[in-house]
Amino acid sequence: MKRGIITNLLVVVIFFTGCIGVPSSDSNTGNTLKGVFGDKFLIGVAVNDNQVRGKDSLSVNIIQQHFNSIVAENCMKSALIHPEENRYDFEAPDAFVSFGEKNGMAIIGHCLIWHSQLAPWFCVDDKGDKVSPEVLKKRMKEHIYTIVGRYKGRIKGWDVVNEAILEDGSYRKSPFYEILGEEFIPLAFQYAHEADPDAELYYNDYGMDIPGRQEGVIRLVNQLKARGLRIDAVGMQGHMGMTYPTLENFEKSMLAFSSAGVKVMITEWDMSALPSQSQTANISDTVSYRKSLNPYQDILPDSVSSVWNARMKSFFELFLKHKDIVTRVTVWGVSDGNSWKNNFPIRGRKDYPLLFDRNYQAKPFVKELCTLSSDK
Ligand code: G3I
């Protein structure tokens with residue numbers, strides 16, 4: 001009798017801890033995101049250095065329990081991994097890859113060629129002038145061969161080029177574009193494929209529901225394919241707000257990318273709960289204006305939280321609806337406290353964009369999802 005009560009209590013405890021960030025006895029089955037949805041698509045999360053080094057054990061519990069894929073939030077970007085032309089810093093990236101391997105996760109590399117967090121030496125000579133196309137090609141090739149080659153066979157896929165197409169479908173005038181023109185993208189894909197022929201290769205961008213960018217990215221996919229270059233998926237970052245993008249536009253883009261012959265990945269999913277910056281206002285105007293842009297400094301009111309949760313759930317349901325074309329859904333951080341959104345587009349705000357709150361508790365929609373049957 002006593003044993004029966006204890007067993008029942010254990011069942012209840014395991015059921016309820018499954019979604020609140022406390023490790024359950026078996027994190028591979030049920031009651032966790034990967035337990036419920038891991039057979040539909042990869043469930044990923046962006047991780048930082050503290051997490052992979054085990055310094056943030058509460059986050060690590062959540063990562064191990066709920067996710068079967070990781071991506072490096074920062075440590076593989078050129079400014080960090082290759083700070084000087086003749087110096088790489090592999091300490092953090094090595095720790096990231098080992099962490100993924102120890103936990104049996106699909107490891108994603110982010111990102112090989114990006115105009116932001118760009119190593120200062122990459123596109124210029126000693127005098128700070130742009131290097132020639134030949135020099136830049138050589139540098140790109142060396143950079144990509146070294147990094148992709150180091151992790152050959154261990155990284156499932158790479159964000160090869162990040163954020164190169166603008167909202168009107170034209171190319172961003174990045175240093176890579178200024179020096180090499182459109183050619184820098186096929187070259188990057190070619191070098192990445194040569195360095196690890198088995199790795200998946202992705203083009204990754206934000207605002208992918210915007211028609212101009214969507215068309216530009218599809219043109220790019222077609223060009224890469226026409227040249228016989230490998231591209232497996234398009235990464236739709238998915239940094240969302242309370243009113244944008246619309247579910248309809250996002251779905252249209254997902255289907256358009258799929259029709260172009262690539263898989264779709266939601267690569268950097270989060271949703272700001274804060275008012276977005278007005279295009280016309282000067283944010284340094286007044287204290288009251290600043291307060292109005294940072295309205296939830298204590299807690300997120302229930303009225304906002306319920307809209308946020310419903311919207312996040314409806315997007316997740318959209319991803320599930322298209323599980324035949326979606327191969328990965330990755331959230332951009334573990335818990336609200338360590339999201340980049342607290343500092344963007346305005347530094348020092350308190351935002352609520354992720355699946356777990358500042359106390360490492362699953363948000364209501366995550367708990368709901370975790371109780372769904374895995375045959376959903
Ligand atoms: O590491 C330094 C630290 O030494 C210093 O004390 C501190 C002071 O601000 O800055 C730290 O660097 C910050 C870095 O994140 C690591 O935390 C940078 O200031 C900060 O700008 C940087 O922000 C990152 C941002 O990319 C830079 O563009 C965010 O963490 C990261 O989440 C974000 O990720 C990007 C994706 O790679 C591409 N898509 C958009 C996404 C959001 O911007």
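Predicted model: local features only at pLDDT ≥ 70, side-chain atom pairs only at ≥ 80, totals over all residues.

Student: At what angle do helix H10 and helix H11 pack?

Tutor: Look at the two axes first. Helix H10 (residues 211-226) and helix H11 (residues 247-259) pack at about 15°, and their axes are 10 Å apart. Angles under 35 degrees count as roughly parallel, so H10 and H11 are roughly parallel to each other. Their crossing is right-handed.

Student: Which residues make that contact?

Tutor: On H10 they are Gln214, Val217 and Ile218, and on H11 they are Ser253, Ala256 and Phe257. By type, this contact has four nonpolar residues, two polar and no charged.

Student: How do H7 and H9 pack?

Tutor: Helix H7 (residues 133-150) packs against helix H9 (residues 184-195) at an angle of about 35°, with the axes 9 Å apart. H7 passes H9 in a right-handed crossing. Residues of H7 including Met140, Ile144 and Val148 meet a set in H9 that includes Phe184, Leu187 and Tyr191. The residues of this contact are ten nonpolar, one polar and three charged.

Student: Which ligand atom lies 2.9 Å from the side chain of Glu163?

Tutor: A nitrogen atom of the ligand is at that distance from an N or O atom in the Glu163 side chain. For Glu73, a side-chain N or O atom is 2.5 Å from an oxygen atom of the ligand. Trp332 has a polar side-chain atom 2.9 Å from a ligand oxygen atom.

Methods
Residues numbered from 1 in each chain as written. Heavy atoms only, no water. Axes fitted to C-alpha atoms, helices over the stretch in contact; angles between N-to-C directions. Helix = DSSP H or I, 4+ residues; strand = E, 2+ residues; numbered from the N terminus. Parallel < 35°, antiparallel > 145°, perpendicular 65-115°, else oblique. Left-handed = near helix turned anticlockwise from the far one by under 90°. Contact = heavy atoms within 4.5 Å. Nonpolar A, V, L, I, M, F, W, Y, C, P; charged D, E, K, R; others polar. Polar contact = N/O pair within 3.5 Å; in protein donor to acceptor, adjacent residues only side chain to side chain.
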